[in-house]
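Please look over the sequence and the structure shown here before reading the conversation below.

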Amino acid sequence: MNKKRLLCAVVVLLCAGAAFSQDYGLTLRSLPVFTNGDDPSVNVGYTGTVIPWFAAPLGERGDLYLSGGISAEYADEEWKPVPELYRFEILYRFGSGLRLEAGRLPYREPLNMVMNGLFDGLAAGQDLGKTRLSVRALYTGLLYKKTAWITMNSGDYAEYQDRDRYFASRRLVFSLDWEIPGLFDTEGRLDLGLTGQFDLNEPEDQPEDQTDKPDQTGQVDGNGKIHSQYALAKFTLPFLNSFNAELGTLLGLLEEDGREPGFCFAFSGALAWLPSGGLNDRLSLNMAVSSGAWDDTVRAFLPINTIAQGKVLRPKISGLALTELVYTARLHNSLSTDIEAAYFFRTDSRTYSDPELDGDSLSPLLGGEVHAGLTWAPVSDVSFTLGGGAFFPQWGKAFVPDTPARWRVSLETILSF
């Protein structure tokens with residue numbers, strides 16, 4: 001509880017400090033979400049957030065940015081206030097092309113499959129001629145658990161379900177990224193990365209009532225530590241003036257207490273077409289594949305934090321594959337739309353779990369979903385996004401027969417002052 005009081009104090013100081021900053025503002029975000037529960041009930045979730053922020057220069061080469069706030073969360077017919085420090089960044093740029101950052105920093109590795117979000121720590125970037133090298137040291141144990149979404153093993157899952165816990169799983173992350181634009185004097189771009197996370201949790205840190213839950217590899221992991229390292233590469237190439245292709249690959253090493261080290265892998269690809277015309281539209285075909293729990297050597301791909309796949313089903317990529325067709329268009333200066341259709345596959349029969357799965361089915365076919373969104377931004381500081389779609393398990397063979405479709409509708413409102 002002392003940590004929660006300290007976090008509240010930081011947020012209060014943030015609100016007070018905004019009045020003295022050189023540039024400051026306030027963002028209000030409202031997000032009601034409606035999904036279907038036990039037929040014919042409707043599950044209602046809501047998050048309303050007040051986010052004050054301020055920014056100030058630190059001399060000619062530095063910058064300071066700080067944002068935080070309080071959210072009101074409604075779930076399971078209960079309201080809960082949640083204070084949270086969002087982005088906090090101190091940045092300094094040297095004349096030699098070196099860039100140093102400290103605070104709570106946004107980071108997404110090139111493939112957007114291992115980790116994505118805000119993380120506490122240090123970052124440094126150095127221009128090397130036409131390329132750029134970046135290193136980071138990050139910590140996850142001071143993040144709000146429902147924002148961080150770190151559930152790598154059953155101990156993390158138990159912490160996430162514990163209503164008395166605020167902070168996310170304690171993990172230390174190191175990353176090294178090398179950006180190479182204009183590869184071989186072409187318009188191609190190559191991104192290379194190394195990422196490793198080290199489990200700092202202790203058994204006494206975690207509840208004991210859920211230690212027999214299986215982890216994402218389908219094996220009982222208890223509170224045993226798990227470390228992981230990932231090597232990844234992504235190649236991007238525009239061609240024929242209106243097309244863009246991406247191809248990514250990843251190889252991971254998993255080290256779990258009580259087991260021999262194992263490997264995991266993932267692939268991603270995308271082909272986008274940007275036709276000429278007044279709609280500024282884009283049609284893209286995307287795919288992602290991850291390894292499943294096949295044996296003691298090849299295991300289910302395990303990301304550091306959950307990055308939702310799809311718009312309705314929203315699983316993590318572990319032990320799954322999907323293909324996705326996405327169309328986006330700007331219908332008017334203030335109106336844009338996106339339409340998505342996706343199909344999900346299992347790459348093993350154990351990793352992905354759902355209460356309505358057919359336990360006797362070994363089919364890799366999970367089902368498909370369709371989703372559409374409409375965004376209206378009458379001015380730059382105001383936007384409304386209405387989204388809705390459905391997942392159809394009857395389009396596959398892995399769920400219990402006659403499992404009803406699942407739908408999701410949301411309306412996000414963002415006001416900035």
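Visitor: What average pLDDT does the chain have?
Guide: This model is predicted, and pLDDT is the predictor's confidence in each residue, from 0 to 100. Of the residues, 89% score at least 70. The chain average is a pLDDT of 88.

Visitor: Which element gives the most to the largest nonpolar core?
Guide: The largest nonpolar core has 37 residues, and those with the most contacts inside it are Val 114, Met 115, Leu 250, Phe 301 and Leu 366. Two or more residues each come from β10 (226-239), β11 (243-256), β12 (262-273), β14 and β15 (335-346). With three residues, the element that gives the most to this core is β10.

Visitor: Which residues does Val 114 touch, not counting residues up to four places away in sequence?
Guide: Val 114 is among the residues with the most contacts inside the largest nonpolar core. Leu 250 and Phe 301 belong to that group as well, and Val 114 touches both of them.

Visitor: Is Thr 140 buried or exposed?
Guide: Thr 140 is placed in the loop between β7 (131-139) and α2 (145-148). Leaving aside neighbours within four places in sequence, Thr 140 is in contact with Phe 119, Ile 150, Ala 168, Ser 169, Arg 170, Arg 171 and Val 173. A residue is buried when its relative accessible area is under 20%. Thr 140 has a relative accessibility of 0%, and therefore counts as buried.

Visitor: Why is helix α3 largely enclosed by the rest of the structure, and what covers its buried residues?
Guide: Helix α3 (residues 154-161) has eight residues, and six of them are buried, so the helix is largely enclosed by the rest of the structure. The buried ones are Ser 154, Gly 155, Asp 156, Ala 158, Glu 159 and Tyr 160. Their cover includes α2 and β8 (171-181).

Visitor: Which element gives the most to the nonpolar patch?
Guide: A nonpolar surface patch of about 770 Å² is made by Phe 34, Val 42, Val 44, Leu 279, Leu 331, Leu 374, Leu 386, Trp 407, Val 409 and Leu 411. At least two of its residues come from each of β2 (42-58) and β18 (406-416). With three residues, the element that gives the most to the patch is β18.

Visitor: At what relative accessibility does Leu 331 count as partly exposed?
Guide: Leu 331 is one of the residues that make the nonpolar patch, and its place is in strand β14 (residues 320-332). Leu 331 counts as partly exposed because its relative accessibility is 46%.

Visitor: How many residues apart in sequence are the parts that Arg 29 and Glu 412 tie together?
Guide: Side chains of opposite charge can pair when their charged atoms come close. The side chains of Arg 29 and Glu 412 meet in a salt bridge, with an N to O distance of 2.6 Å. Arg 29 lies in strand β1 (residues 23-36) and Glu 412 in strand β18, so the parts that this pair ties together are apart in sequence by 383 residues.

Visitor: Are Arg 104 and Asp 120 buried or exposed?
Guide: These two side chains meet in a salt bridge of 2.6 Å, N to O. The pair links distant parts of the chain, with Arg 104 in strand β5 (residues 98-108) and Asp 120 in strand β6 (residues 116-128). The relative accessibility is 5% for Arg 104 and 13% for Asp 120. Arg 104 therefore counts as buried, and Asp 120 likewise counts as buried.

Technical notes. Residues are numbered from 1 along each chain as its sequence is written. This is a predicted model: local features need pLDDT of at least 70, side-chain atom pairs count only at pLDDT 80 or more; totals for chains, interfaces and linings use all residues. Side-chain values use heavy atoms; hydrogens and water are left out. Patches are made of residues with over 30% relative accessible area and no salt bridge: like charges are joined within 9 Å, nonpolar side chains (Val, Leu, Ile, Met, Phe, Trp, Tyr) within 5 Å. Accessible areas come from the Shrake-Rupley method with a 1.4 Å probe; for residues, only the protein chains shown count as cover. A salt bridge is a side-chain nitrogen of Lys or Arg within 4 Å of a carboxyl oxygen of Asp or Glu. Helices (H or I, at least four residues) and strands (E, at least two) are DSSP runs, numbered from the N terminus. Buried means under 20% relative accessible area, exposed over 50%, partly exposed in between (1.4 Å probe, protein chains only). A nonpolar core is a set of buried Ala, Val, Leu, Ile, Met, Phe, Trp, Tyr and Cys residues joined through side-chain atoms within 4.5 Å. Contact means heavy atoms within 4.5 Å.
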